[in-house]
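Visitor: I would like to learn how to read a protein model, feature by feature. Could you walk me through it?

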Amino acid sequence: MTKNKYGLNTVCTHVGEVKDTQFKGAVSPIYMATSYEFNDVDVKRYPRYFNTPNQEFLAKKLAALEHTESALIFGSGMAAISAMFLTFLKAGDHLVVQNTLYGGASNFIREEFPKFGIEYTFTDGYSISDFEAAIQPNTKLIHIETPSNPLLTITDIEGVARLAQGNGILTTIDNTFASPVNQNPIVLGIDIVMHSATKYLGGHSDILAGALMGSEKHMAEIWHVAKNFGGNLSDMTVWMLERSIKTLGLRVKAQNKNAKRLAKFLMKHPDVKKVNYPGLKSHPDYELAKKQMKGFGGMLSFELQDGLDAKLFQKELKLIKSSMSLAGVESTVLSPHLTSHALLSQEERDKVGISDQLIRFSVGIESKKDLITDIEQAIQKTKERIRVQL
């Protein structure tokens with residue numbers, strides 16, 4: 001673990017900048033070359049090797065944000081997580097994976113691991129005893145996600161790390177929902193941190209990227225595998241991501257504040273059956289979230305009362321967008337059973353509690369009053385439409 005000498009917003013703004021030594025510009029220049037000198041140079045640069053100037057310096061910013069020694073940037077979150085799994089797991093190895101997990105990652109495990117002879121067990125729950133019960137003699141890796149997508153369950157990061165260390169098992173985490181602003185798993189003992197950088201790190205719904213952060217040793221191991229997969233990204237995207245991270249601290253703290261206010265509003269609303277947000281004292285994992293998080297995040301999910309159609313409600317929203325992704329400055333909603341978890345069977349979704357009425361809400365930076373007004377009018381119009389249909 002490395003310790004930053006600067007505060008969060010200073011790290012976001014200044015660490016990992018590419019210095020413009022020629023013209024002294026205030027922002028990093030973009031190096032778009034795909035071919036570099038190989039004679040008499042310290043580094044033989046090649047885009048697929050993750051070492052172009054913009055990639056190299058952005059990795060420093062990402063590592064600083066997660067208090068790690070090193071980082072790698074990928075073309076998507078799935079490119080990052082698949083490279084990570086296939087680096088540390090081989091035929092005959094076993095993975096323990098949390099049951100409340102991003103649908104794309106769950107599908108990758110179920111679809112691809114059998115082809116490689118890699119065994120896996122999804123936990124029954126997300127307590128330490130659930131992880132312990134799933135460990136087998138050939139378990140090499142435990143992977144968790146907290147807060148989870150889309151139910152916002154909270155897993156004891158430090159507890160999982162201790163369990164794994166006691167059994168000589170590597171640990172990895174998807175830290176996308178929390179962002180480095182709210183949670184730093186390396187500090188709590190996790191080995192490798194993964195992000196879909198498309199989300200909070202990018203924050204403007206205009207880039208696709210992924211990232212892995214960890215020790216120099218672990219990142220070197222991943223690099224040796226990932227360079228063969230070709231999952232890196234263009235330097236234009238790298239530049240945009242570095243630019244976007246400059247405001248990460250400001251954006252996420254505003255989203256934290258808004259999400260907590262919206263969660264409290266929805267909790268009290270008579271037309272809302274359930275709200276999942278770790279910042280609510282009613283959340284079963286509230287105390288754990290308070291212990292391991294610095295902020296509760298901008299993500300929540302909720303269910304409307306029976307009889308109110310979730311899809312119809314989303315169509316009636318005027319300000320809040322119906323959108324496939326999350327964590328932009330604009331507020332968005334979606335139905336997980338039609339999007340992020342559509343690849344899971346109905347039985348699998350039912351088992352982890354993802355109902356057809358569940359709405360995932362990514363809270364943006366808009367005025368709280370405007371967001372509440374939009375939700376209220378959408379609920380009323382949904383009621384009216386249902387009355388007309390009856």
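Predicted model: local features only at pLDDT ≥ 70, side-chain atom pairs only at ≥ 80, totals over all residues.

Visitor: Which residues touch the most other members of the largest nonpolar core?

Guide: In soluble globular proteins, nonpolar side chains tend to be buried together. A nonpolar core is a set of buried Ala, Val, Leu, Ile, Met, Phe, Trp, Tyr and Cys residues joined through side-chain atoms within 4.5 Å; buried means under 20% relative accessible area, exposed over 50%, and partly exposed in between, with a 1.4 Å probe and protein chains only. Here the largest core has 48 residues, and L62, I142, I144, L241, I245 and L248 touch the most other members. Helix α2 (residues 53-65) brings the largest share of this core, six residues. Helices (H or I, at least four residues) and strands (E, at least two) are DSSP runs, numbered from the N terminus. Another core of 34 residues lies apart from it, with F313, L317, F361 and I386 among its members.

Visitor: What lines the largest pocket?

Guide: Rolling a probe the size of a water molecule over the atoms shows where empty space is left. On a 1 Å grid over the protein atoms alone, a pocket is an open set of points where a 1.4 Å probe fits, with protein on both sides within 12 Å along at least five of seven lines; lining residues have an atom within 4 Å of a point. The largest pocket is lined by 24 residues, and Y102, N149, S196, K199 and S340 lie nearest its centre. Its volume, about 430 Å³, is the space filled by probe spheres set on the points, which are joined across faces, edges and corners. Helix α3 (77-88) gives the most to this lining, with three residues.

Visitor: Which residues of helix α6 are buried?

Guide: An α-helix has 3.6 residues a turn, so residues three or four places apart point the same way. In α6 (residues 157-166), I157, G159, V160, A161, L163 and A164 are buried. They pack against α5 (128-134), β4 (139-145), β5 (170-174) and α11 (286-292). D156 caps the N-terminal end of α6, with a side-chain oxygen 3.4 Å from the backbone nitrogen of E158. After α6 comes G168, with a positive phi near 65°.

Visitor: Where are the cis peptide bonds?

Guide: One joins T146 and P147, with omega about -5°; another joins N149 and P150, with omega about 10°. P147 is in the loop between β4 and α6, and P150 lies in that loop between β4 and α6 as well.

Visitor: Is K24 buried or exposed?

Guide: K24 is exposed, with a relative accessible area of 64%. Its phi is near 60°, a positive value in a residue other than glycine. D40 also has a positive phi, near 55°, and is exposed at 82% relative accessible area. By contrast, N276, in strand β8 (residues 272-276), is buried, at 7%.

Note on methods. Residues numbered from 1 in each chain as written. Heavy atoms only, no water. Contact = heavy atoms within 4.5 Å. Polar contact = N/O pair within 3.5 Å; in protein donor to acceptor, adjacent residues only side chain to side chain.
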